[in-house]
Amino acid sequence: MSTTRIGVAGITGKLGSLVARNLLSHPSAHVQGFCRDKSKLPDSIRSNPKVSTVEGDSSNLEAARSAVRGCSAVICCYLGSNDLMIDGQKVLIDACTAENVPRYIPSDYTLDYRPLQPTDIPSKEPMFRIIEYLEGKPIKGVHILIGAFVQTWWTFLGIWHPKEYKLNFWGTGDEKWEFSTYNNAAQYIAEVALDSSASGFLKFRGDFISTKEIAKLLQNQYGDMPQMQSKGSLESLRAACDEARKGNSVSYQNLPLFYSYYIQTGKAYMGDDLDNDRYPNVKPESMEDFLKANDVRKMQVW
């Protein structure tokens, strides 16, 4: 059996290690990891004979070249500052180009940002810059969109308050969210990396569901309906986004405003022309599936 070598940059992170695990479930896959400290890898991955790792800083071109050498695709799982997401990925792309890697999967894994302006959601600007950087290069960019991570909705967007058993949201509660779990995203990323015909933008979704529908799932799971409180209309949310932009005051703490606005207004929806069916062996995980497997009442929120 021939070996397919897939590079995973940022392999020690949450998503990177999940991607590696899913790649390793394929008999022909060999994972070449790139990270700063391989001791942070779980033993089950670090000791796997089908895994090799190169340590190096994201700015180290020679280390990056060593990590991607011989790969048929390189997956970026970086998560961090705009400097990392832009400059770090440029180094990876340069390394891939120098080593004749045919495909590069940028660290997108998010809502469909293409209809937006680069500054609409500040944390998405690097994605536009990477698309621009890939233009005219021999390597093909393969972009994976998954909506919002389910775990991010529960822990980061400021909606779920487990101690009060309350959902505190913008809008009416009828607005829909597009979701994927981390595990599902990792499964699809691995499949795309191993699929040499995959290119361009691919869209995957586990669920399309409103806050009110999530509240009903909570009731079904735990027996009680959560408290429901709206923070205001979507017009008020847009005003809050505009206020956050004044004086360049956008911060990690107010990023949930932008995510909530552009998803719930449908401006960043992926739509129904999804690519789930391209990989039928991956079962989409719904919000109901997530709630059955995770007790969100005990979840740590940011």
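Mentor: Let us start at the end of a helix: α10 is followed by G266, whose phi is positive, near 80°. Helices (H or I, at least four residues) and strands (E, at least two) are DSSP runs, numbered from the N terminus. This is a predicted model, in which local features need pLDDT of at least 70, side-chain atom pairs count only at pLDDT 80 or more, and totals for chains, interfaces and linings use all residues. Residues are numbered from 1 along each chain as its sequence is written, and side-chain values use heavy atoms, with hydrogens and water left out.

Trainee: How many residues of α10 are buried?

Mentor: Buried means under 20% relative accessible area, exposed over 50%, and partly exposed in between (1.4 Å probe, protein chains only). In helix α10 (residues 255-264), 10 of 10 residues are buried. Their cover includes β9 (166-170) and α8 (211-222), where contact means heavy atoms within 4.5 Å.

Trainee: Is I209 buried or exposed?

Mentor: I209, which lies in strand β12 (residues 207-210), counts as buried because its relative accessibility is 7%. Among the residues that I209 touches, not counting those up to four places away in sequence, are W177, F179 and M287.

Trainee: How are two packed helices described?

Mentor: One gives the angle between their axes and the distance between the axes. Axes are lines fitted to C-alpha atoms, for helices over the stretch in contact, and angles run from 0 to 180 degrees between N-to-C directions. Helix α4 (residues 82-98) and helix α5 (residues 125-134) pack at about 20°, with axes 9 Å apart.
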